Amino acid sequence: MFLLLCRRLSAMALDGFRAAVYHGSLTDAISNVQQRTPESFNSHTLSIAITGESGSGRSSLINAMRGLRAGDEGAAETGMLDTMTMPVAYPDPVLPGVTLWDLPGVGTPYFPLDTYWERLNLSQYDFFIIVGFQRFRSDHAWLACKIQRMGMRFYFVRSKADADLDASRRQRPSSYDEERILEQIREDCRRGVAAEGVGHPQVFVVSSWEPNRYDFPLLRQTLQMELPRLRRHAFLLSLPAVASPIINQKKAALKGEIWKIALFSCLLAAIPVPGLAFLGTFFVFRKHLFGYSSNFGVDNRSLLALARQVRRPLGELTAMMTSLGTTPMMALKLLLDSVGAAMMVAEYSWKRLPVFGALVSGGVALVTTFFMLRKHLASIADDTRRVLSKALEAERENAI
Ligand SMILES: Nc1nc2c(ncn2[C@@H]2O[C@H](COP(=O)(O)OP(=O)(O)OP(=O)(O)O)[C@@H](O)[C@H]2O)c(=O)[nH]1
Ligand SMILES: [Mg+2]
């Protein structure tokens, strides 16, 4: 999977994006994405997962999309028995770089609903087609919700339209109206998906046995038309994984400097001037609290610029920040909570045992600065990941 991702992204010249993340300019990282032309995504492959309940006609749909019939050479296996245990890949003959993945059915004894996503590692796919037949089922709703929650997109395909129409024709031949029945089926599916809070689902009613009729031609056209947008969407989805090692690299570089800062704080605290130990540690600590935030590009000013760039309220980005406070008052409170008492004891003991007092005071400053800065650095790095993912999510939604 990682190899696939690397291969896919290597062609996209991500150096500019990586450099911007490393230099703490998330706005430049987003600009790098925004400035890409639709053509620049043409080389980006797209893996489409065809999922749905067992026997819904997933394999037949893939065959029809590839212009094949059951039994043709290279066609997916179809039938009445559920035999699928692994996803199988089929290249789309018309859409370059698009692979249709025939997935095992959801909710079978082999692939129960609650472990389906994880076992098949569905997050690795770029786009989904959920195939259902007969009534809209809770498995479909579950899949639709899960896909949406993961920031991904899907079409809902209602298969075997010919069988529904045939049954209707036999039951009520006098009032038979093909278009009305098709619209009822579409509406039932739309209502079912929308009831789960999934907005504007794209629904197609098809028969894989009659690929020139019903919504099948529209399904192909829509996929072809939306392809550049879907490729861009998939590209944006893969960027947090590109940024993560860069953020780790930066964190490791800054972590290596912490002992020097802690040593400085220790020397400052050892000077036997009442209050200096506390003030010194406070200023060193505060300086680096701010330093890390702006170094990673998640200080208040950078967040405001980023929010404007992705056209989102600032609050959406600041909600991603769970790290320790970055205002002076918060830094003071933090320091008071963690070292204030120890520092006071140390300074008190100066009056009686100056050498001991200096040692205790310096030691407390050293240990506190060291561990608190490490903790803060780690949480700022995590915040950066979350903020960037949120900005990329906004960018994906802006394009829909
Ligand atoms: N009438 C009708 N039958 C269909 C259609 N598509 C598939 N079928 C039939 O439905 C049955 C299941 O089709 P498959 O394509 O194997 O379905 P699947 O979802 O891949 O099934 P599994 O992989 O076994 O879970 C087969 O007997 C197909 O011939 C269709 O559009 N119309
Ligand atoms: Mg199948």
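This is a predicted model: local features need pLDDT of at least 70, side-chain atom pairs count only at pLDDT 80 or more; totals for chains, interfaces and linings use all residues.
Student: Is Leu317 buried or exposed?
Tutor: Buried means under 20% relative accessible area. The relative accessibility of Leu317 is 1%, so Leu317 counts as buried.

Student: Which residues touch the most other members of the largest nonpolar core?
Tutor: The largest nonpolar core has 41 residues. Those that touch the most other members are Phe17, Val21, Leu239, Tyr292, Phe296, Val387 and Leu388.

Student: Which element gives the most to this core?
Tutor: Elements that give two or more residues to the core are helices H2 (15-22), H3 (26-34), H9 (216-255), H10 (258-270), H11 (276-296), H12 (300-309) and H15. With 10 residues, the element that gives the most is H15.

Student: Not counting residues up to four places away in sequence, which residues does Val21 touch?
Tutor: Val21 is one of the residues that touch the most other members of the largest core. With residues up to four places away in sequence not counted, Val21 touches Ala29, Ala243, Ile246, Ile247, Lys250 and Leu388.

Student: How many residues are in the second, separate core?
Tutor: Ala49, Ile130, Ala141 and Phe154 are included in this second core. Its size is 30 residues.

Student: Is Thr369 buried or exposed?
Tutor: Thr369 is found in helix H15, residues 354-399. Leaving aside neighbours within four places in sequence, Thr369 is in contact with Ile261, Ala262, Ser265, Thr281 and Val284. Its relative accessible area is 1%. Since the cut-off for buried is under 20%, Thr369 is buried.

Student: Which elements give two or more residues to the nonpolar patch?
Tutor: The patch, about 590 Å² of nonpolar surface, is made by Trp259, Leu263, Leu267, Leu366, Val367 and Phe371. Trp259 lies in helix H10, and at 49% relative accessibility Trp259 counts as partly exposed. The elements that give two or more residues to the patch are H10 and H15.

Student: How far apart are the closest N and O atoms of Arg232 and Glu395?
Tutor: Arg232 is in helix H9 and Glu395 in helix H15, 163 residues apart, and the pair links distant parts of the chain. Both Arg232 and Glu395 are buried. They form a salt bridge, and the distance between the closest N and O atoms is 3.2 Å.

Student: What separates Glu226 and Arg229 in helix H9?
Tutor: The side chains of Glu226 and Arg229 meet in a salt bridge of 4.0 Å, N to O. Glu226 is buried at 6% relative accessible area, whereas Arg229 is partly exposed at 37%. Because the two are 3 residues apart in helix H9, the separation is about one helical turn.

Student: Which residue forms a salt bridge with Glu316?
Tutor: Glu316 has a relative accessible area of 30%, so Glu316 is partly exposed. The closest N and O atoms are 3.2 Å apart, and the partner is Arg312.

Student: Which residues do salt bridges that share partners join into one network?
Tutor: The count of salt bridges comes to 24. Those that share partners join into one network Glu179, Glu183, Arg186, Glu187, Arg190 and Asp215.

Student: To how many disulfides does the count come?
Tutor: Cys189 counts as buried at 2% relative accessibility. Cys266 is also buried, with a relative accessible area of 17%. A disulfide needs a pair of cysteine sulfur atoms within 2.5 Å, and by this rule the count comes to 0.

Notes. Residues are numbered from 1 along each chain as its sequence is written. Chains are lettered from A and ligands numbered from 1 in the order in which they are written. Side-chain values use heavy atoms; hydrogens and water are left out. Helices (H or I, at least four residues) and strands (E, at least two) are DSSP runs, numbered from the N terminus. Buried means under 20% relative accessible area, exposed over 50%, partly exposed in between (1.4 Å probe, protein chains only). Contact means heavy atoms within 4.5 Å. A nonpolar core is a set of buried Ala, Val, Leu, Ile, Met, Phe, Trp, Tyr and Cys residues joined through side-chain atoms within 4.5 Å. Patches are made of residues with over 30% relative accessible area and no salt bridge: like charges are joined within 9 Å, nonpolar side chains (Val, Leu, Ile, Met, Phe, Trp, Tyr) within 5 Å. Accessible areas come from the Shrake-Rupley method with a 1.4 Å probe; for residues, only the protein chains shown count as cover.
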